[in-house]
Every structure is written in C-alpha cells, then in structure tokens.
Amino acid sequence: MKITTGKQTRAQRVVIYGVESVGKSTFAAQFPKPLFLDIEQGTSHLDVDRCDIGSWKQLTEALAEAKATEYQTIVIDSADWAERLCVEDLLASSKKTSIEDFGFGKGWVMVAERMSRMLASIDMLIDAGKHVVLIAHSKIVKFEAPDALAAYDRYELKLSKQSSPLLKEFADELWFLRFKTKVSTSDTGRGKGLGGKERILLTTHSAAYDAKTRSGLAEELPLEWASVSHLFKTAKTAKTAPAPEKPAVVKVADWTIEVAKHGEAATTFLRAKEQITEDQDWTEASDRVLERIRQDVPKFLATVAAFHALTTEAK
C-alpha cells in the first residue's frame with residue numbers, strides 16, 4: 001500500500017458551459033498550447049491548431065493519439081455535439097433509426113456507457129500531464145427541488161439526463177459563463193434588464209446554475225484568462241502502468257445502468273404511481289423523482305419487484 005500526503009500538482013479536467021455567444025471557445029483558446037477537437041466546426045475565427053472531427057470513431061481515435069503529441073491542453077468543442085456523434089454511431093452499429101427504438105430509456109443508458117469510456121480515455125491524457133477542456137452549451141430546464149415549494153428555471157448542461165451527471169462529477173472545475181445583468185424595477189413593478197456586456201465566470205453551485213471548483217476560486221470572476229491562469233502551470237506527468245486494452249468505465253452513473261436493466265418494470269411502476277404519464281418512460285421522470293431513485297437504487301428496485309409480483313398475481 002502506497003500512501004502519499006499533501007497537495008499534488010496534476011493536469012486539470014475542466015468543463016465550461018454557458019449562454020450563447022459568451023465566448024466559450026475563445027476563452028478555451030487561451031489555455032496552454034491547446035489542440036481543438038473541433039466537432040462543431042466553429043473555431044474558424046480563432047488562431048488555433050485544430051482537428052476536424054466528424055464521427056464518434058474519429059473522436060475516440062483523436063483522443064488516443066493526442067497523448068503522444070506536444071500539446072498541453074486538449075479541447076473538445078463541444079461535449080453535447082460529441083454526444084450527438086455517440087448517438088449516431090450507436091444507431092448505425094445497432095441498425096436502429098431512433099434512440100427510442102431501444103425502448104424504455106435503454107438507448108440513452110448505452111450512450112452514457114460510451115460517454116463513460118470516453119471520459120476514461122481522457123483520464124489517460126490527464127495522467128500524461130495534459131489539461132482537458134470540455135466545452136458545452138447550456139439549456140434552461142424546469143427544476144423541482146425536494147424541499148422547494150414550487151419549481152423554478154435553471155441553467156444546466158445541454159446533455160441527456162444520463163450523460164450530464166458523468167461530466168459534472170468527472171470535472172475538477174465546472175464553470176458557468178454568462179453576461180452580467182442587473183434588473184431595475186419601475187414604479188409599475190415591471191423589471192428591466194440592464195448591462196449585459198460584462199462577461200463573468202461562475203464557480204459555485206447556485207439555484208440558477210450548476211458549477212463547482214476544487215481550487216478555492218472566488219464565486220464570481222471576470223471572464224479573463226488572468227482569473228484562472230494560476231491553475232494551469234506545467235503539470236507533472238504521472239507514472240502509470242501500461243493502459244489496458246479497454247479503458248475502465250467511469251462509475252458515476254452506474255445507478256442509471258442498473259435501473260435500466262429493469263426499465264420496463266420501473267416504467268410500469270412509476271406510471272401506476274402517476275409519477276410519469278402513459279407516454280413516458282422512467283428516464284423522463286422529474287428531477288425530484290430521479291434524485292430519490294438515485295439515493296437508494298436497491299430500495300427502489302425492491303419496491304418495483306414487489307409491485308410487479310403483486311400485479312402479476314392479481315392477473
């Protein structure tokens with residue numbers, strides 16, 4: 001057993017997402033000696049080195065080959081477009097026309113498994129001393145917190161419910177980028193947005209967006225490279241054993257995979273309990289319901305099994 005103490009310097013896993021036109025790619029271009037894996041074909045305005053990516057196979061091969069390059073940062077632009085490539089490749093290899101053809105959310109679980117393997121290959125780049133930046137778009141979703149009186153809107157990664165938790169838990173730094181605005185209320189009570197030109201970087205989770213930092217950054221920073229540059233000094237290359245033939249799957253989303261094995265029964269149960277509608281499957285339940293399932297998957301599956309047994313006997 002090898003024990004180490006104290007802080008360790010290593011390459012960083014960074015996920016940056018934000019509103020449209022805030023400058024996500026432009027900001028990522030300021031990382032040390034970056035190579036863009038350009039899935040969106042959206043870096044033509046930047047003076048950067050890039051590799052155009054048009055398929056899931058090209059992306060996985062590029063990640064494997066990047067380890068031997070002299071680039072210090074690998075930028076995936078973007079994570080949500082990478083998920084699209086993953087879906088396209090899964091459909092083609094399975095001879096399906098829609099992700100829903102797999103039934104009961106199984107298709108999205110299979111996508112999450114592939115995304116997990118991609119993150120495992122990124123860890124090999126981290127071990128080689130290369131920073132990795134995943135850019136993503138944002139979306140506004142209705143969120144129901146278990147302790148809240150009403151649902152509210154918040155920004156989240158523009159990814160599926162199965163893949164989004166993978167990136168959030170995988171990241172060392174999850175930063176939300178947006179324009180800073182202020183609201184002025186008139187005498188009639190109507191609000192008016194002011195400002196909107198200053199760009200900011202947010203590092204701490206709030207009701208309005210997901211964010212996190214493991215480096216003690218301030219909650220709000222100017223969207224400038226100087227705000228975070230100290231985190232990206234030359235990283236030490238870790239000494240690692242030879243890589244296995246297949247990278248290990250990141251286990252942060254195993255609960256969805258486990259529930260998907262009983263997807264049909266879980267869907268029937270949630271429909272009977274009026275937690276989802278008749279045209280939905282279990283993956284489309286509210287965030288509150290999914291969080292309760294995640295907190296105790298064995299208990300949920302035991303309840304589903306008992307319900308299935310009762311309904312079967314009744315027939």
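Is C86 buried or exposed in this structure? C86 is buried, with a relative accessible area of 0%, where buried means under 20% relative accessible area, exposed means over 50%, and partly exposed lies in between (1.4 Å probe, protein chains only). C51, by contrast, counts as partly exposed at 31% relative accessibility. A disulfide is a covalent bond between the sulfur atoms of two cysteines. With a disulfide taken as a pair of cysteine sulfur atoms within 2.5 Å, a search of the whole structure finds 0 disulfides.

The model is predicted, so local features need pLDDT of at least 70 and side-chain atom pairs count only at pLDDT 80 or more, while totals for chains, interfaces and linings use all residues. Residues are numbered from 1 along each chain as its sequence is written, and side-chain values use heavy atoms, with hydrogens and water left out.

To begin with the overall picture, the chain has 9 helices and 10 strands; helices (H or I, at least four residues) and strands (E, at least two) are DSSP runs, numbered from the N terminus. Of the 315 residues in the chain, 43% are buried. The chain exposes about 17500 Å², and carbon and sulfur atoms supply 50% of this area, as computed by the Shrake-Rupley method with a 1.4 Å probe; for residues, only the protein chains shown count as cover. A contact means heavy atoms within 4.5 Å. Among contacts between residues at least 6 apart in sequence, 65% join residues at least 24 apart.

Two strands pair if DSSP finds at least two bridges between them. Strand 2 runs parallel to strand 4 (residues 73-77), joined by 5 bridges, and L37 stands opposite I76 in strand 4. Strand 2 also runs parallel to strand 3 (residues 49-52), with 4 bridges, and R50 is the bridge partner of F36.

Strand 5 (residues 131-143) has several partners. Strand 1 (residues 13-18) pairs with strand 5 in the parallel sense over 6 bridges, with Y17 partnered by A136. Strand 4 pairs with strand 5, also in the parallel sense, over 5 bridges, and V75 has V133 as its bridge partner. Strand 6 (residues 152-157) runs antiparallel to strand 5, joined by 6 bridges; I140 stands opposite Y155 there.

Side chains of opposite charge can pair when their charged atoms come close. A salt bridge is a side-chain nitrogen of Lys or Arg within 4 Å of a carboxyl oxygen of Asp or Glu, and by this rule the count comes to 11. One of them links D172 and R13 (3.2 Å, N to O). D172 lies in the loop between helix 5 (164-170) and strand 7 (173-185) and R13 in strand 1, so the pair ties together parts 159 residues apart in sequence. D172 is buried at 3%, and R13 is buried at 14%. D172 also forms a salt bridge with R214 (2.8 Å, N to O). Salt bridges that share partners join R10, R13, D123, D172 and R214 into one network.
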